[in-house]
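Me: Please show me the structure, and then we can go through it by question and answer.

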Amino acid sequence: MTRSFDIVVVGAGPAGIAAACAAAEQGRRVALLDDNPAPGGQIWRGPSTAHRDAVSRAKERWLHRLQQNPAITSLHGCRVFDVPGDGLLAAEQNGQRVDLRYSKVVLATGARELFLPFPGWTLPGVYGAGGLQAMVKAGLPVRDQRVVVAGSGPLLLAVAAYLRETGARVSAVCEQASWRSLLRFGASIAHTSRLWQAAGYRWRTRGTPFHAGCWPVAAHGGKTLESVTLSNGTRQWTVPCDLLACGFHLVPNTELASLLGCTLQQGFVTVDALQQTLIANVFCAGEPTGIGGLELSLAEGEVAGLAAAGAIRAAQARIPRRDRLRAFAAQLAVTFALRQELHSLSKADTIVCRCEDVTWRTVSQYTGWRAAKLQTRCGMGPCQGRICGSALNFLLEWSPDSVRPPIFPVSIASLAGPTASAPAELSAIQEN
Amino acid sequence: MTDTVRLTVNGRALTVPAGATVAVALAIAGAACRTSVSGEPRAAFCAMGICFECRAIVDGGPHQRTCQIVCRDGMEVRTE
């Protein structure tokens, strides 16, 4: 089946929702697609909590604006896996292939957490920081569970606050950045509402120790997690816990941008003032252009949506505000830059590639990503290197390989073409 | 609409809150989602559809990312 739209927006997080609304309000027919079962992306995932903060107010406002617009077709559980031709995306939804024809496309594919391999990180009970929050939002009960939150980035305190409010006993929050970095960051946002937001999270996690300059070095347990060892560089100590929420800030999802031929610089998609990439008719907004959080994603999404709809003056009017928000993104990158000590987090027996169980001993013998893939199958499993590739980009400074379709595993029937139906017995995983 | 959903995990009945994902059902059941190529138990990790650690057999369909699937009444889930 092929469906045609004026504008296709890939990713229904804040940037994608803002782009879709802005374009539809200019009279364009818009498709908004997302891999997840509901719109909102990671930050607006799940039902609103009792605590009404700026994030939940923005969520309600934007979801209302999205849902009341009949010009937007939302496609959920739908993921793009190929670019079969000019102005055409191939996606899979409910096991069926759907091809989407567009005049303009807005990539709002968001970010994923950066995970660094350390001994025990593959134990059940170890989650990403946003990962554990997503599980709890999706119904996982954590009342009276002992949780350690560790890694890096502003997400940690937000996750800790959320877990506390859902009944978890958060025994520590460990941020690898130093107090010095954090205080400098605090000073830079002192004149904005963000300082109040950070203070609010800290107030909601009062009683839970916050350690700066501290990171996890090992998780322990038999079949599931039992404790985690933390380090501050001079001292190590072990904390018993049922769950570990651990992520080292974010890396952008740029696979589709790469497949479309967009230029990347230092891992981020290059865009002009109107969020247009160097490829005609392809726009990009939100985290793939630089990790900047909710407000910047919304601002970039609006500019991209308006520009894609041809409302250039309206788009230009929003540029100054977006550029002010970008300054904050630059501060984030400096503050939460990963420390050198984390390069030695992986030990010889530590599994680096979770899909293929390739250890650090094995993978670190190679000089680059391509050789390691060919010789060890590292990065060749179903995640296609999204987890280990990002880790190795930090650990060994390996740059990612060129991106080839399918950018997600899909059924053979979907690969075969848009008209084929997908009988269940053909539904086999396609490994890269 | 009821506020709970009933499904089976490896043949055992389980009741979960409505809206729960299959990955959450597996965690509540205390089941690892899959066994890794070297024999380790693995469970949901990124919970955002990226890492594929939570894949399991859902209603006969293999390698389904359970963190992206919402539980439905009568669903049959098997670990891999």
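**Helix, sheets and contacts**

Reply: Helix α8 of chain A is mostly covered, with 15 of its 16 residues buried. A residue is buried if 20 or more other C-beta atoms lie within 10 Å of its own, exposed if 12 or fewer, and partly exposed in between, with C-beta atoms placed from the backbone. This is a predicted model, in which local features need pLDDT of at least 70, side-chain atom pairs count only at pLDDT 80 or more, and totals for chains, interfaces and linings use all residues. Residues are numbered from 1 along each chain as its sequence is written, while chains are lettered from A and ligands numbered from 1 in the order in which they are written.

Me: How far does helix α8 of chain A reach from its first C-alpha to its last?

Reply: Helices (H or I, at least four residues) and strands (E, at least two) are DSSP runs, numbered from the N terminus. Helix α8 of chain A covers residues 293-308, which is 16 residues. The expected span is 1.5 Å times one less than the number of residues. The expected value is 22 Å, and the helix comes close to it with a reach of 22 Å.

Me: Which residue with a positive phi follows α8(A)?

Reply: The phi in question is near 85 degrees. The residue that follows α8(A) with this value is A:G310.

Me: Is A:H211 buried, exposed or partly exposed?

Reply: A:H211 sits in strand β11 (residues 210-212) of chain A. Leaving out residues up to four places away in sequence, A:H211 touches A:A172, A:C174 and A:N232; contact means that the C-beta atoms, placed from the backbone, lie within 7 Å. Because A:H211 has 15 other C-beta atoms within 10 Å, its class is partly exposed.

Me: How far apart in space are A:H211 and A:C174, C-alpha to C-alpha?

Reply: In sequence, A:H211 and A:C174 are 37 residues apart. In space, the C-alpha to C-alpha distance between A:H211 and A:C174 is 4.8 Å.

Me: What is the strand order of the open sheet of five strands in chain B?

Reply: The pairing in this sheet of chain B is mixed. The edge strands are β2 (12-17) and β6 (61-65) of chain B. Strands β5 (residues 55-58) and β7 (residues 76-78) of chain B run antiparallel and are joined by two bridges. The order is β2-β1-β7-β5-β6.

Me: How many nonpolar residues are on the side of chain B that touches chain A?

Reply: The contact takes 32 residues from chain B and 29 residues from chain A. On the chain B side, β2, α1 (22-28), β4 (41-42) and β6 each supply at least two residues. Ala, Val, Leu, Ile, Met, Phe, Trp, Tyr, Cys and Pro count as nonpolar, Asp, Glu, Lys and Arg as charged, and the others, Gly among them, as polar. With nine polar and three charged residues on this side of chain B, the nonpolar number is 20.

Definitions and conventions
Two strands pair if DSSP finds at least two bridges between them. Two residues are in contact if their C-beta atoms, placed from the backbone, lie within 7 Å.
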